[in-house]
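Subject: Structure for your review

Dear colleague,

Please find the structure below, together with its sequence.

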Amino acid sequence: MNIHEKFGHTVAALRKEKGYSQERFAFEAGIARKYMSYIENGKRNVSLDVISRIAEKLGISLSELFAEVENTNE
């Protein structure tokens with residue numbers, strides 16, 4: 001699994017843990033739903049701005065988000 005896939009898998013898992021649908025999460029984070037789908041499927045190289053919005057919406061720090069990505073084994 002490459003870094004884009006690991007990041008996307010992690011974001012999707014954390015989003016689901018928080019009980020958000022992809023559409024609701026994307027809307028509340030200010031991200032287009034289709035783009036959110038691309039992120040979660042590892043199809044996009046995400047900017048720091050978008051990563052920051054994702055972490056904020058998940059209620060975690062950037063370092064916590066990246067630690068989760070690093071610990072993804074799938």
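I begin with one of the helix contacts. In helix 1, the residues Ile3, Lys6, Phe7, Thr10, Val11 and Leu14 meet Leu65, Glu68, Val69 and Glu70 of helix 5. Sorted by class, this contact of helix 1 with helix 5 holds six nonpolar residues, one polar residue and three charged residues. Please keep in mind that the model is a predicted one.

The axes of helix 1 and helix 5, the latter formed by residues 62-70, come within 9 Å and cross at roughly 115 degrees. Angles of 65 to 115 degrees count as roughly perpendicular, and helix 1 is therefore roughly perpendicular to helix 5. The crossing of helix 1 with helix 5 is right-handed.

Two further residues of helix 1 deserve a look. Ala13 has its place in helix 1, which covers residues 3-17. Along the chain, Ala13 and Glu40 are 27 residues apart, and their C-alpha atoms are separated by 9.2 Å. Glu5 also belongs to helix 1. With a relative accessibility of 34%, Glu5 counts as partly exposed. Between the C-alpha atoms of Glu5 and Ala55 there are 17 Å, and the two residues are 50 residues apart along the chain.

The axes of helix 2 and helix 3 (residues 33-40) come within 9 Å, and they cross at roughly 110 degrees. Helix 2 and helix 3 are therefore roughly perpendicular to each other, and their crossing is right-handed. Helix 2 contributes Gln22, Glu23, Phe25 and Ala26 to the contact, while helix 3 contributes Arg33, Met36, Ser37 and Glu40. By class, the contact of helix 2 with helix 3 has three nonpolar, two polar and three charged residues.

Helix 2 also packs with helix 4. Helix 2 is formed by residues 22-29 and helix 4 by residues 48-58; their axes are 9 Å apart and the packing angle is about 115 degrees. That angle makes helix 2 roughly perpendicular to helix 4. The crossing of helix 2 and helix 4 is right-handed. Which residues make this contact? Phe25, Glu28 and Ala29 take part from helix 2, and Arg53, Ile54, Lys57 and Leu58 take part from helix 4. By class, the contact of helix 2 with helix 4 has four nonpolar and three charged residues, and no polar residues.

Is Phe25 buried or exposed? Phe25 counts as buried, because its relative accessibility is 0% and the buried class lies under 20%. Phe25 also belongs to an aromatic pair. A search of the whole structure finds one such pair. The ring centres of Tyr20 and Phe25 are 5.5 Å apart and the ring planes stand at 70 degrees, so the pair is edge-to-face. Tyr20, at 15% relative accessibility, counts as buried too.

Gly59 is found in the loop between helix 4 and helix 5. At a relative accessibility of 61%, Gly59 counts as exposed, since the exposed class lies over 50%. Gly59 and Lys18 are 41 residues apart in sequence, and 9.4 Å separate them in space from C-alpha to C-alpha.

Yours sincerely

How values were computed
Residues numbered from 1 in each chain as written. Predicted model: local features only at pLDDT ≥ 70, side-chain atom pairs only at ≥ 80, totals over all residues. Heavy atoms only, no water. Axes fitted to C-alpha atoms, helices over the stretch in contact; angles between N-to-C directions. Helix = DSSP H or I, 4+ residues; strand = E, 2+ residues; numbered from the N terminus. Parallel < 35°, antiparallel > 145°, perpendicular 65-115°, else oblique. Left-handed = near helix turned anticlockwise from the far one by under 90°. Contact = heavy atoms within 4.5 Å. Nonpolar A, V, L, I, M, F, W, Y, C, P; charged D, E, K, R; others polar. Phe/Tyr/Trp six-rings, centres within 6.5 Å; stacked < 30°, edge-to-face > 60°. Buried < 20%, exposed > 50% of the residue type's maximum accessible area, 1.4 Å probe, protein only.
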